[in-house]
Amino acid sequence: MAKATRPEAPALTDEEVRALDAHWRAANYLAAGQIYLMSNPLLTEPLAPEHIKPRLLGHWGTSPGLNLVYTHLNRVIRARDLNAICVWGPGHGGPAVLAGSWLDGSYGEIYPDVPRDASGMERLFRQFSFPGGVPSHVAPQTPGSLHEGGELGYSLAHAYGAAFDNPDLLVACVIGDGEAETGPLAASWHSTAFLDPVHDGAVLPILHLNGYKIANPTVLSRLPDAELDALLRGFGHEPVHVGGHDPGTVHRALARAFDDTLDRIALAQRAAREGNVPERVRWPVIVLRTPKGWTGPAEVDGVPVEGTWRAHQVPLPAVRENPAHLRQLERWLRSYRPEELFDGDGRPVPEVLGCVPEGPRRLGANPHANGGLLTRDLPLPPLDTFAVRVERPGATLHEPTRVLGDLLARVMHDTGTRRCFRLVGPDETASNRLDAVFDVTGKAWQAGRLPTDEHLERHGRVMEVLSEHLCQGWLEGYLLTGRHGLFSCYEAFAHIVDSMVNQHIKWLRTARELPWRAPVPSLNYLLTSHVWRQDHNGFSHQDPGFVDHVLNKSPEVVRVYLPPDANTLLSVADHVLRSRDYVNVVVAGKQPCFDWLTMDEARAHCARGAGIWEWAGTERDGAPDVVLACAGDVPTQEVLAAAQLLRRYLPDLAVRVVNVVDMTRLMPHEEHPHGMTDFEYDGLFTTDRPVIFAYHGYPWLVHRLAYRRTGHRNLHVRGYKESGTTTTPFDMVVRNDLDRYRLVMDVIDRVPGLAVRSASVRQAMADARSRHRVWITEHGTDMPEVSGWAWGG
């Protein structure tokens, strides 16, 4: 980490300023060239319309500021031998970071067809925002990146996630002032209350105030310094201001700011690590004010551009058609004096590269920004140690997530020295029955503590904060830098991070196509306190739709599991914690649940993803009259209760019970790697028999996944249909027609010939539903035949 070798670094010499300015000018030239040029990269001939891209795409406004930060980070990394990465928050900042990685040589090492010469420069320019090229964001294709910035608001959370348990890492984070207006970014300032100066690295936020968004001023840029400082100090930061329009002045001021802040960070870390732990470190933040579109056209057609919102995207939009704009573009590009920056072969001259670090210290080559290179497998213990004993199906009950909590506690214990596993969640670890982890580690906390507090620790590895955005951002940064984790959340409120998981899935899908990107640990969700057992909190807490949202995304990346009991949850958890490059969604209950499968049976069933429970059905010779299918713990219980009723009332009916753990098994094999072939699906569900499917979530998802199957016309799905309230647990399933009595009625309605022969049975089921409504209204609890039900086999 940074070493404080002097109380105050000496001011830069004129020669050092010239070298920094040369690198910055080169980066600005490369950024502008990417937006405009497809040939003539060194301007060796007068600029002509045919040298210009037919479609001008990209964002110039933020690029000079990002280039400035890249240049100055190079200087301090080289001077101090820092292990550092940078999270580039401003959207569409790709031109700058691509320019920086091309200059430091990391780009050409990864992409040999884009070398650091004239031919590589032309390729760099042409491919930017061009068909078959690279996007305008700091995307997975960009060396040194772990944050795309396409959707704004997540940079600072990602930076802290990267710093957790990385004590020797500095994570710089450039925050655009437009991004600073988002809710997730606003919450991210609270992260100072969780950063451990002993075991974590440091985050250096750089709040870049260039004044404007796409078409409006930004809030923070218009605050007086005193008001902005009060805000930042309230979040635990000490602001250091840098600003100006003159490059030389800004270079000197920013160099002083970096030296000052890095010395402060080093002193704080050293004090904490030597045992002199303050109540809470006040971490520095750099407030950088430079003009939007700095060094670009001051005016275009008599209208101000530099320093205004008009510099946001393409300052000169009609270069091919407008000769005056073409001439102005050429003056702009030549103002950087490229002939001084690149030799005749297009290679950067030594002065340009004087500040650039070497090897893995380069921002484009640091392995922490390609975290799979650093990933070590989790030391997962044998599942039999934690498995619940199952003498026969349904004889005992356990809380599945509590059983899982014991496994997670062991993982926490076994990674205590390595510190490569974190559990995150919005204030729900104990509520979700995972509190066994507190026997091993506490909750990360650097703020004040009271005697009544429980489990708060300065060095804890459980992260609780009442912001799902922050939990998600922290975990993404942690995973992308090579570590492992689990996000535990109430099912209904996982929707808060819908947009964030979109971005992560897109990142993973793109990264999987890049051979140089090493696979990273999967993003694992445990969704509990789910829709069927939110009877006490009511309608606002009842929403199983996160699964639907995820299954709309790239099939190469997404997986959804609904384990029906404790042992299947253990098996699924073991699988997802070992996996790489996926987003895994696991939905499991925390309330007492019947144990259906032994550990060996659970392993086999989860490996299949979907299978027949022979012990639960009554089919003979593989020829069922009806298939009762289920996915989810409560639907499984209702299906087994329905199967038991059918065994009693219709003993001659051949019933097959199918349980689905992996929802993607329902998809065609051509559409998802886990999908069943038609032969597999037809063998399991038949082609011509009624299938009554009790599903945990919205019933139309099952129809969507299986609509191409031969037997789809025979498929009838029951699930949650937005009929919720504060009520009893069984009334939740009755309200949504997922209850055992309704399922028996469905069988009678759909098996040919039963409607007439079994009318009295159907009537008895309808009467049971009516009796239920009267009972709960009078007693406030479920009927004894329901609350005391057990599987009889």
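The model is predicted, so local features are reported only at pLDDT of at least 70 and side-chain atom pairs only at pLDDT 80 or more, whereas totals for chains, interfaces and linings use all residues. Residues are numbered from 1 along each chain as its sequence is written, and side-chain values use heavy atoms, with hydrogens and water left out. The largest pocket has a volume of about 430 Å³, and the structure also holds six cavities of 30 Å³ or more.

**Terms for spaces**

- On a 1 Å grid over the protein atoms alone, a cavity is a set of points where a 1.4 Å probe fits but cannot get out, while a pocket is an open set with protein on both sides within 12 Å along at least five of seven lines; lining residues have an atom within 4 Å of a point.
- Grid points are joined across faces, edges and corners, and a volume is the space filled by probe spheres set on the points.

**The largest pocket**

- The lining comprises 22 residues, and those nearest the centre of the pocket are Arg533, Pro592, Phe594, Gln637 and Pro729.
- At least two lining residues come from each of β17 (593-594), α18 (633-649), α21 (729-735) and α25 (784-787); helices (H or I, at least four residues) and strands (E, at least two) are DSSP runs numbered from the N terminus.
- The element that gives the most to this lining is α18, with four residues.
- By residue class, the lining of the largest pocket has eleven nonpolar, five polar and six charged members; Ala, Val, Leu, Ile, Met, Phe, Trp, Tyr, Cys and Pro count as nonpolar, Asp, Glu, Lys and Arg as charged, and the others, Gly among them, as polar.
- Domain 2 (374-593) and domain 3 (609-787) each contribute at least three residues to the lining of the largest pocket, with domain bounds taken from an automatic or database domain assignment.

**The largest cavity**

- The largest cavity has a volume of about 130 Å³, and of its 14 lining residues, His147, Glu148, His158, Gln503 and His504 are the closest to its centre.
- Two or more lining residues come from each of α13 (468-480) and α14 (498-512), and α14 supplies the largest share, four residues.
- The lining of the largest cavity divides into five nonpolar, six polar and three charged residues.
- The largest cavity lies between domain 1 (3-357) and domain 2 (374-593), because both give residues to its lining.

**The second largest cavity**

- About 80 Å³ of space lies in the second largest cavity, where Leu480, Trp507, Arg517, Ala518 and Val520 are the closest to the centre among 13 lining residues.

- Strand β14 (residues 523-528) pairs with β16 in the parallel sense over five bridges, where pairing requires at least two DSSP bridges; Leu527 has Val587 as its bridge partner.
- Strand β15 (residues 558-561) also pairs with β16 in the parallel sense, over four bridges, and Val560 stands opposite Val585.
- From β15 the chain passes through helix α16 (residues 566-578) to β16 in a right-handed β-α-β crossover, that is, with the strands pointing away from the viewer, the path from the first strand over the helix to the second runs clockwise.
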